[in-house]
Amino acid sequence: MNNEVLLAEEKLKLAKKNLDECKFNNAIAYCKQALSLNPKNFEATLLLGELYFSNMDDKMFECFDLLKKLRPSSAEGYFYKGKAILYRGNNYKKAIADFDKAIELDASNAETYFMRGDAQARLKNFSAAIADFTKAAEIQPAEKIFKKRGEIYLKNFEFAKAIEDFNKVLEYSPQNYSAYEGLAIAYANLKNKELALENFNKFVELSGKKNFYNELGEIYFALGDYEKAVEIFSESIELNKGTVETYYLRGRSYFEQKNFASALADFEEYVSTWYEIMSEGCYISESETNYAEAKKFRDLCKKNLEEF
């Protein structure tokens with residue numbers, strides 16, 4: 001081993017030391033020094049990529065691509081590149097392609113299945129997401145896997161399975177308020193008002209959340225009490241405690257009441273607001289919002305109003 005390679009290892013040790021001390025800029029500088037001495041240092045490249053990832057710096061992509069070149073048969077480069085694309089949020093299909101390759105090279109990493117499941121969920125490929133989360137749980141059961149799968153079961157209208165997963169989350173963490181919220185939504189959809197409100201109250205108690213209008217409105221929507229849901233969403237908007245999502249949720253409630261004029265106004269507000277947000281270069285994609293659904297309901301409202 002020549003002197004430059006040895007010196008690169010020393011610089012890498014300093015990078016790790018500075019990282020442990022939360023001196024991120026110093027850690028980056030030492031990683032760069034290590035790579036200037038030994039451009040093929042896999043560990044330094046990985047660490048530098050992770051440091052860039054922590055700041056969502058696009059330089060991370062260059063590092064993770066280099067990992068692929070340094071070790072073509074290693075899953076790490078593909079895993080980290082997929083992860084970077086996933087959290088950058090601009091091309092989930094490309095992230096899935098990298099995770100596919102990582103799994104091809106190493107099918108034993110639960111985190112890769114979890115990440116691919118997350119990407120599938122963001123594309124609303126719920127069955128594929130559930131399959132990946134299930135595989136991840138088989139390899140290495142973890143609270144976050146059951147929580148994420150429970151959330152997808154809700155979106156896929158598999159409420160009994162969602163209840164099972166949220167109860168598993170509570171076995172890991174009895175104070176996990178989001179699990180109680182998930183249980184409340186699941187029970188509401190099963191029209192069990194008592195358990196829905198019991199779990200919702202537990203969610204409010206543990207979360208300490210003061211503004212829970214949207215969540216409560218969704219419970220009554222799931223219970224089929226659209227009048228109460230509209231009342232709650234309207235109060236939220238009047239008190240200026242709502243979000244853009246409140247308009248979508250109230251619009252859905254009006255739609256179920258066949259109040260198409262009011263529903264149309266809410267869907268128009270939602271669509272125009274999200275269009276402005278995404279036009280400003282926001283990394284959130286349409287698939288992560290109810291944008292497409294709102295446009296669909298907007299058009300249905302127009303059609304119904306034209307018929308009357």
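1. Helices (H or I, at least four residues) are DSSP runs, numbered from the N terminus. The model is predicted: local features need pLDDT of at least 70, side-chain atom pairs count only at pLDDT 80 or more, and totals for chains, interfaces and linings use all residues. Residues are numbered from 1 along each chain as its sequence is written, and side-chain values use heavy atoms, with hydrogens and water left out.

2. Helix 9 gives the most to the lining of the largest pocket, namely 6 residues. A pocket here is an open set of points, on a 1 Å grid over the protein atoms alone, where a 1.4 Å probe fits, with protein on both sides within 12 Å along at least five of seven lines; lining residues have an atom within 4 Å of a point. The largest pocket holds about 1600 Å³ of space. It is lined by 36 residues, of which Glu151, Lys155, Glu218, Leu249 and Asn290 are the closest to its centre.

3. At least two lining residues come from each of helix 7 (110-122), helix 9, helix 10 (159-172), helix 11 (177-189), helix 13 (213-223) and helix 15 (244-256). The lining comprises 14 nonpolar, 7 polar and 15 charged residues. In this scheme Ala, Val, Leu, Ile, Met, Phe, Trp, Tyr, Cys and Pro are nonpolar, Asp, Glu, Lys and Arg are charged, and the others, Gly among them, are polar.

4. Helix 9 (residues 143-155) also packs on helix 8 (residues 126-139), at an angle of about 155° and with the axes 10 Å apart. Axes are lines fitted to C-alpha atoms over the stretch in contact, and angles run from 0 to 180 degrees between N-to-C directions. Helix 8 and helix 9 are therefore roughly antiparallel (over 145 degrees; under 35 counts as roughly parallel).

5. Helix 11 and helix 12 (residues 193-207) cross at roughly 160°, their axes coming within 8 Å. This pair is therefore also roughly antiparallel. The contact includes Tyr177, Tyr180 and Tyr187 of helix 11 and Phe200, Phe203 and Leu206 of helix 12. Its residues divide into 11 nonpolar, 2 polar and 2 charged.

6. Helix 5 (residues 76-88) packs against helix 7 at about 30°, with the axes 11 Å apart, and the two are therefore roughly parallel. Phe79, Lys83, Leu86 and Tyr87 of helix 5 meet Glu111, Thr112, Met115, Asp118, Ala119 and Arg122 of helix 7. This contact counts 5 nonpolar, 1 polar and 4 charged residues.

How values were computed:
Parallel < 35°, antiparallel > 145°, perpendicular 65-115°, else oblique. Points joined across faces, edges and corners; volume = space filled by probe spheres on them. Contact = heavy atoms within 4.5 Å.
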